[in-house]
Amino acid sequence: MAKKFRIRKGDQVEVITGVSRGKKGKVISVNREKVTALVEGINMVSRHTKPTSKNPQGGIIKKEAPIHLSNLMLIDGAGNATRVGKRRDEKTNKLVRFSKKTNEVIA
């Protein structure tokens with residue numbers, strides 16, 4: 001059974017440790033096997049590429065590298081980094097994520 005994570009694709013996150021500490025971005029994808037995520041504009045690396053039919057110029061391309069999920073924290077509606085919990089919604093009886101700081105539901 002695959003492990004469930006509290007950070008999903010499309011979430012706004014903040015980096016809490018490392019070189020990119022304090023930067024915020026949107027999650028592009030999550031790799032469940034390696035427990036990493038790609039975040040827009042975070043952990044940028046340079047890749048040297050040969051000319052191809054897709055990229056005839058070649059050269060140095062900047063792209064995002066994966067960052068471990070333990071180094072990311074979800075941002076709630078107020079714009080603050082928060083821990084995430086799960087609880088059952090009273091109205092719909094479904095599991096929802098909520099901010100442990102403000103106790104509000106995260107969409």
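**Strands, loops and a pocket in a predicted model**

At 3% relative accessibility, Thr-82 counts as buried in this predicted model.

User: In which strand does Thr-82 have its place, and on how many sides does that strand pair?

Analyst: Thr-82 has its place in strand β8. Six strands form an open, antiparallel sheet in the order β6-β3-β2-β1-β7-β8. The edge strands of this sheet are β6 (67-68) and β8 (81-82). The strand of Thr-82 is β8, and β8 pairs on one side only.

User: Is Thr-82 buried or exposed?

Analyst: The relative accessibility of Thr-82 is 3%. Buried means under 20%, so Thr-82 counts as buried.

User: Which backbone nitrogen does the side chain of Thr-82 reach, and at what distance?

Analyst: Leaving aside residues up to four places away in sequence, Thr-82 touches Met-73, Leu-74, Asp-76, Ser-99, Lys-100 and Lys-101. The side chain of Thr-82 reaches the backbone nitrogen of one of these, Lys-101, at 3.2 Å.

User: How far apart in space are Thr-82 and Lys-62?

Analyst: In sequence, Thr-82 and Lys-62 are 20 residues apart. From C-alpha to C-alpha, the distance in space is 30 Å.

User: Which residue in β6 does Ala-37 stand opposite?

Analyst: Strands of a sheet pair through backbone hydrogen bonds, either parallel or antiparallel. Here β3 and β6 pair in the antiparallel sense, over two bridges. The residue in β6 opposite Ala-37 is Ile-67.

User: What is the phi of Asn-43, and is this value positive or negative?

Analyst: Most residues other than glycine have a negative phi. Asn-43 lies in the loop between β3 (36-39) and β4 (44-49) and is partly exposed, with a relative accessible area of 28%. Its phi is near 60°, and the value is positive.

User: Where is Asn-93 found, and does it count as buried or exposed?

Analyst: Asn-93 is found in the loop between β9 (84-88) and β10 (95-99). Its phi is near 60°, a positive value in a residue other than glycine. Exposed means over 50% relative accessible area. At 52% relative accessibility, Asn-93 counts as exposed.

User: Which strand gives the most to the lining of the largest pocket?

Analyst: The largest pocket has a volume of about 240 Å³ and is lined by 14 residues, with Arg-6, Ile-7, Leu-69, Ser-70 and Leu-72 nearest its centre. By class, the lining has eight nonpolar, three polar and three charged residues. With three residues, the strand that gives the most to this lining is β7 (residues 72-75).

Definitions and conventions: Residues are numbered from 1 along each chain as its sequence is written. This is a predicted model: local features need pLDDT of at least 70, side-chain atom pairs count only at pLDDT 80 or more; totals for chains, interfaces and linings use all residues. Side-chain values use heavy atoms; hydrogens and water are left out. Helices (H or I, at least four residues) and strands (E, at least two) are DSSP runs, numbered from the N terminus. Buried means under 20% relative accessible area, exposed over 50%, partly exposed in between (1.4 Å probe, protein chains only). Two strands pair if DSSP finds at least two bridges between them. Contact means heavy atoms within 4.5 Å. A polar contact is a pair of N or O atoms within 3.5 Å; within protein, one must be able to donate a hydrogen and the other to accept it, and residues adjacent in sequence count only if both atoms are side-chain atoms. On a 1 Å grid over the protein atoms alone, a cavity is a set of points where a 1.4 Å probe fits but cannot get out, and a pocket is an open set with protein on both sides within 12 Å along at least five of seven lines; lining residues have an atom within 4 Å of a point. Grid points are joined across faces, edges and corners, and a volume is the space filled by probe spheres set on the points. Ala, Val, Leu, Ile, Met, Phe, Trp, Tyr, Cys and Pro count as nonpolar, Asp, Glu, Lys and Arg as charged, and the others, Gly among them, as polar.
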